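Please read the briefing below alongside the sequence and the coordinates. It moves from strands and helices to a pocket and then to individual loop residues.

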Amino acid sequence: MLNDGTVKGYGYYCRQIDFRRKDLFSRNYGDHFAGRIVFPIYDADARPTGFVGRRPDDRGVRWLKHQTREVPLSARGWLYGIEKAGRYIRQYRTIILVEGIFDYFAFYNLLQGQDKPVVVSTLGSYLTPEAANILKGLDIEHFIVAYDWDEAGRNGIERIAAKSGGWVYFLGGLAEGQAPYDILKPVVSTISGFSLKHLKTDEQ
């Protein structure tokens with residue numbers, strides 16, 4: 001089946017070199033995400049656009065991406081969790097941007113109980129132009145950028161502030177090893193309709 005290019009999902013497998021054969025590049029296939037935790041990526045309409053795989057340890061390449069062939073949307077436009085958050089983002093006109101998928105889970109669990117799951121992961125500290133265009137269609141007024149407080153995270157916050165067209169709030173001053181979740185958790189419960197005066201701010 002893995003040699004049949006007409007089978008749906010064929011693109012999720014990659015060729016592997018078999019050193020037992022004379023022709024090292026013969027048609028042998030293996031699971032592209034072998035040994036990884038796999039997370040499906042959806043677009044705003046809940047259509048699958050690809051997968052991200054994460055090794056449970058820190059050896060080698062930790063993250064792998066793979067795009068579907070069925071949906072013509074570049075991986076550069078991926079926003080993890082946008083299919084769940086979209087309608088709430090429009091309601092509150094607010095979004096919380098985090099870097100990683102595990103950051104997303106932490107914030108989503110915190111916000112879901114308050115019916116405010118407006119969190120989305122940019123899968124890194126860089127909001128691509130393609131992803132920014134998707135967010136523009138949601139009419140967002142307030143951006144909370146909960147990135148890590150390292151150089152990459154601070155640079156990402158500055159770029160988003162320059163592009164957003166709205167108010168950008170950030171969770172700065174994190175101690176070494178402290179996660180953005182640690183600061184936002186005690187604040188969210190005091191927010192009424194996402195009045196964001198409690199947060200540190202950076203004007204656009």
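The points that follow are grouped by topic, after a note on the model itself.

This is a predicted model, in which local features need pLDDT of at least 70 and side-chain atom pairs count only at pLDDT 80 or more, while totals for chains, interfaces and linings use all residues. Residues are numbered from 1 along each chain as its sequence is written, and side-chain values use heavy atoms, with hydrogens and water left out. Helices (H or I, at least four residues) and strands (E, at least two) are DSSP runs, numbered from the N terminus.

**Strand pairing**

- Strands β3 (residues 37–42) and β4 (residues 48–54) run antiparallel and are joined by six bridges, where two strands count as paired if DSSP finds at least two bridges between them.
- Within this pairing, P40 stands opposite F51 in β4.
- The two strands β3 and β4 form a hairpin with five residues between them, and A46 in the turn has a positive phi of about 65 degrees.
- Strand β8 (residues 142–146) pairs with strand β9 (residues 167–170) in the parallel sense over four bridges, and H142 has W167 in β9 as its bridge partner.
- Together with helix α4 (residues 151–163), β8 and β9 make a right-handed β-α-β unit; a crossover is right-handed if, with the strands pointing away from the viewer, the path from the first strand over the helix to the second runs clockwise.

**Helix α2**

- Helix α2 (residues 101–112) has twelve residues and reaches 16 Å from its first C-alpha to its last, close to the 16 Å expected at 1.5 Å a residue, the expected span being 1.5 Å times one less than the number of residues.
- In α2, I101, Y104, F107, Y108, L110 and L111 are buried, a class that means under 20% relative accessible area, with exposed over 50% and partly exposed in between (1.4 Å probe, protein chains only).

**The largest pocket**

- The largest pocket holds about 230 Å³ of space; a pocket is an open set of points on a 1 Å grid over the protein atoms alone, where a 1.4 Å probe fits, with protein on both sides within 12 Å along at least five of seven lines, and lining residues have an atom within 4 Å of a point.
- Its lining is made by 13 residues, of which W63, E99, G100, I101 and G124 lie nearest the centre of the pocket.
- The elements that give two or more residues to this lining are β5 (63–67) and α2.

**Loop residues**

- R93 lies in the loop between α1 (82–92) and β6 (94–98), and R93 counts as partly exposed because its relative accessibility is 30%.
- Although R93 is not a glycine, it has a positive phi of about 55 degrees; R93 and F143 are 50 residues apart in sequence and 8.8 Å apart in space, C-alpha to C-alpha.
- D139, in the loop between α3 (129–136) and β8, likewise is not a glycine and has a positive phi of about 55 degrees, and D139 counts as partly exposed because its relative accessibility is 47%.
- Y147 lies in the loop between β8 and α4, and counts as buried because its relative accessibility is 0%.
- Y147 and A179 are 32 residues apart in sequence and 8.5 Å apart in space, C-alpha to C-alpha.

Notes: Grid points are joined across faces, edges and corners, and a volume is the space filled by probe spheres set on the points.
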